[in-house]
Amino acid sequence: KLKVVIFAGGCFWCAANNFYSLKGVKEVYSGYASGDVFFPTYAQVKTGETGHRESIFIYYNEEEVTYRELIIAFFENIDPFDGDGQFIDRGTNYQTAVFTDDDDQIELFYRAKTYIETNYHEEVKVRLLPNVVFFLAEEDHQEFSLKNRDRFLEEEIKSGRDKFKGIKIE
């Protein structure tokens, strides 16, 4: 039973990297969501003027991995308290969001959000947005961290994500 989820977690190279090895995740695609331009390019989105967020589109088998596990993995690998981007990546194109119209997924989003705010005493800035059209990024952005490991690790260090300890959800 394949299902889909779209997350915006800052740099899509970093966001996607966190899901490649999760059991039940079948495909992870990098791309753009929530903007005003059809079929945007990386160069256009990077300007911050299209309204798109760098996002990831995940196909997963719900019999092997639950949405709950995916939303936890998402929150644990971003800074949920940063509403202006992620780490050194700033601007609307790097803002976090969860895209869904599914009532069960919406409930799980709010459970995670409440848990984090209660346990970390800070406001979660991740936006819950309705499902949108997802535009696939150019081929050189797909599986970037797997195909370009050294460059990815350099970018991860420059961004500060390598030192990020994340949050934990039980």
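A residue counts as exposed when its relative accessible area is over 50%, and as buried when that value is under 20%. These cut-offs are applied here to a predicted model.

Phe39 has a relative accessibility of 69% and therefore counts as exposed. Phe39 sits in the loop that runs between strand E2 (25-33) and helix H2 (42-46). The backbone at this position stands out. Most residues other than glycine have a negative phi. Phe39 is not a glycine, yet its phi is positive, at about 50°.

Phe87 belongs to the loop between E4 and strand E5 (89-90). With a relative accessibility of 19%, Phe87 falls under the 20% limit and so counts as buried. Thus Phe39 is exposed, whereas Phe87 is buried.

Phe87 is also one of the residues touched by Asp82. Asp82 is located in the loop between helix H3 (67-76) and strand E4 (85-86). Its relative accessible area is 15%, so Asp82 is buried. Beyond residues up to four places away in sequence, Asp82 touches Phe87, Arg90, Thr96 and Lys125. With Arg90, the Asp82 side chain forms a side-chain to side-chain polar contact of 2.8 Å.

Key: Residues are numbered from 1 along each chain as its sequence is written. This is a predicted model: local features need pLDDT of at least 70, side-chain atom pairs count only at pLDDT 80 or more; totals for chains, interfaces and linings use all residues. Side-chain values use heavy atoms; hydrogens and water are left out. Helices (H or I, at least four residues) and strands (E, at least two) are DSSP runs, numbered from the N terminus. Buried means under 20% relative accessible area, exposed over 50%, partly exposed in between (1.4 Å probe, protein chains only). A polar contact is a pair of N or O atoms within 3.5 Å; within protein, one must be able to donate a hydrogen and the other to accept it, and residues adjacent in sequence count only if both atoms are side-chain atoms. Contact means heavy atoms within 4.5 Å.
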